Amino acid sequence: MRHSSAFFLKTLCISIGAALVLSGCGTTTTTPRGGADPYDKYYGQATTQSSDVIDSSSIIVNPAAPQTYVVKKGDTLWRIARQFLHTPWHWPEIWDKNQRIANPHQLYPGDVLTFDYATGANGDKLQPRIRIDRRGEGEPIATLATFMLWPRVLDEATINNAPYILASRDDRQLITEGETIYVKNLRNAQAGTRCAIFHPNKALHDPRTGQLLGYEVTYGGYSRVERVDSTSTATVLDAKREIRKGDRLLAPVDEMANLNGIIHAPTTKVRGDIVSLFDAEAISGNHMIAVINKGRRDRIEVGHTLGVYTQGKYVVDVVESCKAKSGAVCSQLPPEKVAHLVIYKVTDRVSYGLIMDATREVKDGDKVGNP
């Protein structure tokens with residue numbers, strides 16, 4: 001892991017991404033090869049309940065849940081849901097629909113949540129529920145985290161057509177905050193325009209099909225355009241990580257709305273893979289970002305909670321080996337869920353999620369499925 005979770009959280013300080021390359025910057029379920037997965041039964045199943053019908057057997061209440069909770073500044077919905085549930089993705093299902101506040105993620109610091117039980121729809125079983133006393137004010141809390149650094153996956157043509165840094169004024173290898181940079185292919189921009197700076201990182205391939213999913217680019221900072229010409233001039237206003245010659249300038253987009261998707265479980269079967277870990281070489285942990293090979297075409301939605309599963313190790317069965325003439329018999333242990341992944345950004349072929357509740361490291365190649 002390149003950085004610890006604590007370091008990563010300290011660097012989650014900007015909400016700029018790039019959904020579209022503009023020449024003027026800011027002016028404007030697959031089956032694995034070889035058949036069915038023999039360990040499929042160990043993964044979570046799709047939820048079938050609607051917003052009005054609760055399958056209480058799938059909702060696991062935290063036995064230490066408080067009767068009341070006052071929302072605090074800096075809280076996240078996941079953290080609050082964890083106060084009441086061991087299955088926080090069922091938060092919408094325990095939200096009392098018979099109250100004035102219909103949206104279960106529009107919470108404000110100072111709001112008071114009350115946890116109790118109500119008679120179920122059939123009148124034969126008590127169901128957990130959350131009621132709200134609206135006393136808060138200010139800005140609503142975020143679903144996940146207040147700020148994030150946004151890695152992106154773009155196609156090769158988008159990257160190649162984007163404006164790029166030719167050099168800094170002193171032609172340094174690493175460019176720092178406050179330096180003057182010279183930019184090529186910056187068209188139809190105006191002085192004062194702000195552009196996010198991204199570094200082309202690595203190609204991402206689907207581990208199941210080998211298909212190229214795109215190229216990861218990582219956010220480095222942002223710049224202000226000073227002069228537009230065949231070779232334009234800009235100033236680096238903020239540098240969050242290394243900025244180099246060849247880095248691309250992309251349109252800044254405020255992605256904060258993506259942090260407010262309602263946490264919920266998928267209603268369809270999900271089986272996929274982690275194809276990249278942001279800001280990590282091979283392993284990652286809590287509050288870091290993972291990219292999966294499932295997207296909009298696979299019915300993935302913002303707010304979906306998935307389980308992260310690590311494949312079981314092969315071990316020597318000493319009992320069977322005593323009976324076998326050929327020597328030790330190797331057996332594979334079943335997969336184990338090691339974390340949750342809350343999806344905050346969805347594109348056609350890939351999605352981004354924040355790793356939560358990790359009990360051990362999350363690795364490239366780990367599987368994702370229903371929680």
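Strand 3 (residues 112–119) and strand 4 (126–133) pair in the antiparallel sense over 8 bridges; strands here are DSSP runs of E of at least two residues, helices are runs of H or I of at least four residues, and both are numbered from the N terminus. Two strands count as paired if DSSP finds at least two bridges between them. Within this pairing, threonine 114 stands opposite arginine 131 in strand 4.

This is a predicted model, in which local features need pLDDT of at least 70 and side-chain atom pairs count only at pLDDT 80 or more, while totals for chains, interfaces and linings use all residues. Residues are numbered from 1 along each chain as its sequence is written, and side-chain values use heavy atoms, with hydrogens and water left out.

Back to the sheet: it is open, with 3 strands in the order 2-3-4 and antiparallel pairing. Strand 2 (68–70) and strand 4 are the edge strands, each with a single partner, so one side of each has no neighbour in the sheet.

Now for the charged pairs. A salt bridge here is a side-chain nitrogen of Lys or Arg within 4 Å of a carboxyl oxygen of Asp or Glu, and by this rule the count comes to 17. Three of these pairs are set out below.

| Arginine 82 | Aspartate 357 | 2.6 Å |

For burial, the cut-offs are under 20% relative accessible area for buried, over 50% for exposed and partly exposed in between, with a 1.4 Å probe and protein chains only. Aspartate 357 is partly exposed at 26%, and arginine 82 is partly exposed at 23%.

Arginine 129 lies in strand 4 and aspartate 96 in the loop between helix 3 (91–94) and strand 3, so their bridge ties together parts 33 residues apart in sequence. Arginine 129 is partly exposed at 25%, whereas aspartate 96 is buried at 6%.

Arginine 134, in the loop between strand 4 and strand 5 (152–154), meets aspartate 111 in the loop between helix 3 and strand 3, so this pair ties together parts 23 residues apart in sequence. Arginine 134 is partly exposed at 28%, while aspartate 111 is buried at 0%. Salt bridges that share partners also join Asp96, Asp116, Arg129 and Arg131 into one network.
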